[in-house]
Amino acid sequence: MRTVTAYATPSAKAPFEKTTIQRRDLGPRDVLIKIHFAGICHSDIHTGRNEWGEANFPFVPGHEIAGTVEEVGSEVDRYAVDDRVGVGCMVDSCRECKNCLAGQEQYCLQGMTGTYGSIGADGRPTDGGYSSHIVVDQNFVVGIPEGVDLDKAAPLLCAGITVFSPLKHWGAGPGSKVAVVGMGGLGHMAVKIAHALGAEVTVLSQSLSKQEDGAKFGADHYFATSDESTFEQLAGSFDLIINTVSASLPMAKFLSLLSLDGTLVSVGAPSEPLEVPAFALIGGRKSWAGSMIGGIAETQEMLDFCAEHHIGAEIELISGDDIGGQIDAAWDRVVDSDVRYRFVIDTGSFA
């Protein structure tokens with residue numbers, strides 16, 4: 001075992017504290033990664049505040065990890081020391097079920113092993129990326145191309161792949177009309193990626209406060225959902241709607257915006273149930289679907305795509321003194337939708 005520096009919260013809603021955690025010794029196919037940057041995802045907050053069920057404490061979140069290889073096991077053949085690498089939301093799966101064999105490890109029938117909040121192969125709870133180092137099997141490590149800065153790449157490991165996967169799966173591209181609900185950490189990445197795929201992109205946000213940013217990221221249109229006329233004006237307009245928000249929405253209204261055979265995909269995960277009237281789906285043969293991150297191969301495809309199109313996250317960097325306090329403040333600001341557009345922790349400053 002090796003001791004590394006981390007920031008953990010000792011209980012739900014307790015302030016973050018600097019601490020040390022244990023990482024397993026390097027196995028033959030393991031990679032030791034020096035973490036340079038870790039993004040703050042709303043999932044970190046939902047988990048750390050027990051909004052998705054009981055978490056294990058002390059809790060070290062973080063599944064948007066970008067860094068460099070510091071050491072490799074004797075059988076590692078994909079990575080070498082100093083390679084730029086990333087780790088997303090999972091660090092293992094059964095690797096034997098039909099979903100894993102199809103490259104969809106996130107849907108492992110035995111349950112994937114999360115980067116934090118799961119039990120690893122060594123029987124210990126997994127700790128996330130708010131730490132200086134992590135040890136991961138090479139099969140769950142991805143390479144970060146030189147075309148993306150490491151700090152801007154970190155949020156791609158969750159926010160990026162979470163929107164890339166459904167955009168690709170449901171055929172966003174030239175000739176398609178895509179709406180993105182919400183312009184936060186997920187939403188701004190959805191706009192950038194959908195635009196790069198060639199789709200006509202519309203942002204549906206509560207207000208027009210981020211309209212200028214939307215245009216800069218590639219949005220063709222921008223509407224405020226607080227204006228009731230938006231739903232009348234846009235009825236039947238979209239082939240695909242990506243819902244990125246983690247709060248309840250009037251689903252019937254948003255489903256009314258789909259064209260014939262259109263699909264609304266939920267990637268945000270509110271803690272409360274969403275209600276969908278049957279007639280909102282029946283009229284127009286519409287679909288309501290969900291999507292969760294992507295497999296390892298697809299995550300690598302996303303990173304290569306982002307590098308090719310010069311896509312990175314828009315970030316606010318947390319660094320310097322009082323990192324724990326800055327993380328606490330950042331979590332509150334994320335909940336208040338007060339960030340443009342992703343907080344990233346400079347974990348290199350932990351020392």
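At what angle do the axes of helix α4 and helix α5 cross? In this predicted model, in which local features require pLDDT of at least 70, side-chain atom pairs count only at pLDDT 80 or more, and totals for chains, interfaces and linings use all residues, the axes of α4 (residues 159-169) and α5 (residues 185-197) cross at roughly 45° and come within 8 Å. Residues are numbered from 1 along each chain as its sequence is written, and side-chain values use heavy atoms, with hydrogens and water left out.

Helices (H or I, at least four residues) and strands (E, at least two) are DSSP runs numbered from the N terminus. Axes are lines fitted to C-alpha atoms, for helices over the stretch in contact, with angles running from 0 to 180 degrees between N-to-C directions. Angles under 35 degrees count as roughly parallel, over 145 as roughly antiparallel, 65 to 115 as roughly perpendicular and the rest as oblique; α4 and α5 are therefore oblique to each other.

Contact denotes heavy atoms within 4.5 Å. On the α4 side, the residues that meet α5 are Ala159, Gly160, Thr162, Val163, Phe164, Leu167 and Lys168; their counterparts in α5 are Gly185, Leu186, Met189, Ala190, Ile193, Ala194 and Leu197. Within α5, Ala190 is buried at 0% relative accessibility, the term meaning under 20% relative accessible area, with exposed over 50% and partly exposed in between (1.4 Å probe, protein chains only). Apart from neighbours within four places in sequence, Ala190 contacts Val163, Leu167 and Val180.

Six strands form an open sheet with parallel pairing, in the order β12-β11-β10-β13-β14-β15. The edge strands, β12 (221-224) and β15 (287-290), each pair on one side only, where pairing requires that DSSP find at least two bridges between two strands. Neighbouring strands of the sheet are turned by 20° against each other on average, direction ignored. Strand β10 (residues 177-181) pairs with β13 (residues 238-243) in the parallel sense over four bridges, and Val181 stands opposite Asn243 in β13. Helix α4 lies across β10, β13 and β14 (258-266), and runs at about 160° to β13.

Arg49 is located in the loop between α1 (42-48) and β4 (65-72). With a relative accessible area of 18%, Arg49 is buried. Residues up to four places away in sequence being excluded, Arg49 touches Ala12, Lys13, Trp331, Asp332 and Val335. The C-alpha atom of Trp331 is separated by 22 Å from that of Ala190, the two residues being 141 apart along the chain.
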